[in-house]
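Keep the structure open beside the text as you read.

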Amino acid sequence: MLRRRHIAIMLDVTSLVAARTQDNMEEPVLNSSFVKATPFAYGSGHVRPNRAMDPGLVYDLTTNDYLDFLCALGYNSTQLAMFSKAEAYSCPSTPLRIEDLNYPSITVPQLSVSATVTRVVKNVGSPGTYVARVIEPRGVAVAVNPARLAFEKVGDEHKFEVTLKAKHRTSSNGEYVFGALIWSDGKHYVRTPLVVKI
């Protein structure tokens, strides 16, 4: 039986992957200045409750995933105790790479040449095969490996890697560029924002 907290986290994650970045007129979402918004303004997009109830795939996160993330940020066991009601939490001997937190967005805070991040998706729907489609951030080449994931049953999980490479070697101007990774089986569209500082 799922605990209430796990259900709340799962609903939060499904809301993110089932969100959209267009308004009800199929136009891009605008910010408060009526300019085309970026993920910094809308996050993953506007939640679509009906799609969130049947998202197909989710990026499943547990409390321990968040605690491992805090370990990677340098939190010690005393600080971690504030976030966990369980026994004292011990950080893993090999710390998580911050960019590998299994969150439903991918951010590379400083892309010099290339970066690879890892994610795991869990099937929460019917069996199916999902194919990756990428909307590349301007100036960034994106490769997904594997680019096809086959799920036989509910609960199946698959790991994949996303490699982002700067198309041109230029000095960093500190600009953020945006794209998306979309997994689809033809019925579900699981959107993952890509945010890269070049």
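## Ser-184 and its surroundings

The side chain of Ser-184 puts a polar atom 3.0 Å from the backbone nitrogen of Gly-186. Ser-184 sits in strand β8 (residues 176-184); strands here are DSSP runs of E with at least two residues, helices are runs of H or I with at least four, and both are numbered from the N terminus.

Is Ser-184 buried or exposed? With a relative accessible area of 14%, Ser-184 is buried (buried means under 20%, exposed over 50%, and partly exposed in between, using a 1.4 Å probe and protein chains only). If you skip its neighbours within four places in sequence, Ser-184 is in contact (heavy atoms within 4.5 Å) with Thr-129, Tyr-130, Val-131 and Tyr-189.

A quick word on the ground rules: this is a predicted model, so local features need pLDDT of at least 70 and side-chain atom pairs count only at pLDDT 80 or more, while totals for chains, interfaces and linings use all residues. Residues are numbered from 1 along each chain as its sequence is written, and side-chain values use heavy atoms, with hydrogens and water left out.

## The chain as a whole

Five helices and nine strands make up the list of elements. Reading from the N terminus, you get α-α-α-β-α-α-β-β-β-β-β-β-β-β. Of the 198 residues in the chain, 38% are buried. Take the contacts between residues at least 6 apart in sequence, and 65% of them join residues at least 24 apart.

Leu-61, in the loop between β1 and α4, counts as buried at 0% relative accessibility. Leu-61 is 59 residues from Val-120 in sequence, yet their C-alpha atoms are 9.6 Å apart. Then there's Arg-133 in strand β4, partly exposed at 49% relative accessibility. Its C-alpha atom is separated by 5.1 Å from that of Ile-182, 49 residues away along the chain. Leaving out residues up to four places away in sequence, Arg-133 touches Ala-180, Leu-181 and Ile-182.

## Strands and how they pair

Four strands form an open sheet in the order β1-β3-β7-β5, paired antiparallel (two strands pair if DSSP finds at least two bridges between them). β1 (57-58) and β5 (140-145) are at the edges with a single partner strand each, so one side of each has no neighbour in the sheet. Inside this sheet, nine bridges tie β3 (residues 114-123) to β7 (residues 157-166). Lys-122, for instance, has Glu-157 in β7 as its bridge partner.

Elsewhere, β4 (residues 128-135) and β6 run antiparallel, joined by four bridges. Gly-128 stands opposite Phe-151 in β6. In a regular strand, side chains alternate between the two faces of the sheet. Now look at β6 (residues 148-151): Leu-149 and Phe-151 are on the covered face, Arg-148 and Ala-150 on the uncovered one.

The largest nonpolar core has 25 residues, and Phe-160, Val-162, Leu-164 and Trp-183 have the most contacts inside it. (Such a core is a set of buried Ala, Val, Leu, Ile, Met, Phe, Trp, Tyr and Cys residues joined through side-chain atoms within 4.5 Å.) Which elements give two or more residues to this core? They are β2 (106-108), β3, β4, β5, β6, β7, β8 and β9 (189-197).

A second, separate core has five residues, including Leu-67, Leu-70, Cys-71 and Tyr-89.

In α4, the buried residues are Leu-67, Asp-68, Leu-70 and Cys-71. They line one face of the helix, because they fall within an arc of 160° seen down its axis (the arc is taken from the directions from the helix axis to the C-beta atoms). α5 is included in what covers them. Just after α4, Gly-74 takes a positive phi of about 100°.

There's one disulfide in the structure (a pair of cysteine sulfur atoms within 2.5 Å). Cys-71 and Cys-91 form it, with their sulfur atoms 2.0 Å apart. The link joins distant parts of the chain, 20 residues apart: Cys-71 is in α4 (residues 63-72), and Cys-91 is in the loop between α5 (77-80) and β2. The angle about the S-S bond is -85°, making the link left-handed. Cys-71 is buried at 12% relative accessible area, whereas Cys-91 is partly exposed at 34%.

Key:
Polar contact = N/O pair within 3.5 Å; in protein donor to acceptor, adjacent residues only side chain to side chain.
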